[in-house]
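Dear colleague,

I am passing on the structure we discussed, with my notes set out below it. Please read them beside the coordinates and tell me where you would look further.

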Amino acid sequence: MKTCTSISGGQSSAYIAAKYPTDYNVFALVTVRDKDCAPKDKGLIKLVSDKIGRDFIGTLEDDIIIHTILDLEQHIGSKIDWVVGKHFEDLRKTSVPNIMWRYCTELMKIKPMFKWWQENFSEPIQMNIGFRAGEDKRAKNMLDRCNEDGLRAYNKVYWQKPHFPMIEDNVHRDKVVNYWRGKDVRFAVQNNCVGCFHRNPLTLRKMFDLHPEKMEWFIKEEIKKDARFKSDISYADIKKHKPQHEIDFDDWSCDSGYCGL
Ligand code: SF4
């Protein structure tokens, strides 16, 4: 069975890419058609356009994540394939995703990886996922959705066998952080879309300071779709709050195994 690493831009999936080399590496980038979310470094536009095979306009992920993937490719000495889904604005006409209905992960991370697999393989592949020691419950959740051969389906097609090398080898977060200390790979302070609705309002408020244009996208999208990413508060209200104190960012990641890690 061919092997592949699902890379997210976080330190854990980068760690498995470095320490457990696979035949392939794949990264799914969240894209938007809003020019205000274009990378500050304009040189990245052409570079990412070439990687994704279409015009790159902007992303809701921290620009540093683009550098992470480019640096990581050099660090591991093998190619990372970039995939993209529809632009975030185009996923649905009249709704935005939320914690209960997280279709953004599915349509912009899992589906593009599945299509990449369809274009390149005729057999299922083993997919290394960056869950760490202590995250057994998340791995179990994923395995519970697999068939008796340990294969996971997308649209009823069994295409990948999830594999968790860091759980097998008892690798905890400290080991991952230590590994990357002083290395030539840049990482964002927080991984994933800067305004991800999984984040608490305090963290999101801080993100308005760090990534004002990208955070405005969430406000514009709520207004345009007349819908909310978070049931209890709008992003416009989050922006109005005065930051109370400095926030220690923890590394959040969702259970999909594709956002975060
Ligand atoms: S990081 Fe959050 S907003 Fe972005 S695709 Fe994942 S779940 Fe959706």
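The ligand is surrounded by 12 residues, of which the closest are Cys104, Asn192, Cys193, Cys196 and Cys259; a residue is taken as near a molecule or strand if its C-beta atom, placed from the backbone, lies within 6 Å of it. This shell divides into 8 nonpolar residues, 3 polar and 1 charged, where Ala, Val, Leu, Ile, Met, Phe, Trp, Tyr, Cys and Pro count as nonpolar, Asp, Glu, Lys and Arg as charged, and the others, Gly among them, as polar.

Two points on the basis of these notes come first. This is a predicted model, in which local features need pLDDT of at least 70 and side-chain atom pairs count only at pLDDT 80 or more, while totals for chains, interfaces and linings use all residues. Residues are numbered from 1 along each chain as its sequence is written.

As to the overall fold, the protein chain has 10 helices and 8 strands, these being DSSP runs numbered from the N terminus (helices H or I, at least four residues; strands E, at least two). A compact globule of 261 residues would have a radius of gyration near 18 Å, and the protein chain agrees with this at 18 Å; the radius is taken over C-alpha atoms, and the globule rule is 2.2 Å times the number of residues to the power 0.38. The C-alpha trace spans about 50 × 40 × 40 Å along its principal axes. Among contacts between residues at least 6 apart in sequence, 73% join residues at least 24 apart, a contact being two C-beta atoms, placed from the backbone, within 7 Å.

Of the 261 residues, 40% count as buried; by the rule used here, a residue is buried if 20 or more other C-beta atoms, placed from the backbone, lie within 10 Å of its own, exposed if 12 or fewer, and partly exposed in between. The largest nonpolar core has 54 residues, and those with the most contacts inside it are Ile7, Phe27, Ala28 and Leu60. Helix α4 (residues 103-120) gives the most to this core, with 5 residues. Such a core is a set of buried Ala, Val, Leu, Ile, Met, Phe, Trp, Tyr and Cys residues joined through C-beta atoms within 7 Å.

Turning to the strands, β2 (residues 24-29) is largely enclosed by the rest of the structure, because 5 of its 6 residues are buried. Strand β2 pairs with β1 in the parallel sense over 4 bridges, with Thr5 and Asn25 as bridge partners; pairing requires that DSSP finds at least two bridges between the strands. Strand β1 (residues 3-7) also pairs in the parallel sense with β6 (residues 125-128), over 3 bridges, and here Thr3 stands opposite Gln126. Strand β6 in turn pairs in the parallel sense with β8 (residues 157-163) over 4 bridges, where Gln160 is the bridge partner of Ile125.

Three further residues deserve a look. Lys156, in the loop between β7 (152-154) and β8, has a positive phi near 70 degrees and is exposed, with 5 other C-beta atoms within 10 Å. Asn170, in the loop between α6 (165-168) and α7 (173-180), has a positive phi near 55 degrees and is likewise exposed, with 10 other C-beta atoms within 10 Å. Pro212, found in helix α9 (residues 212-225), counts as exposed with 12 C-beta neighbours inside 10 Å; Pro212 and Cys37 are 175 residues apart in sequence and 9.4 Å apart in space, C-alpha to C-alpha.

With best wishes
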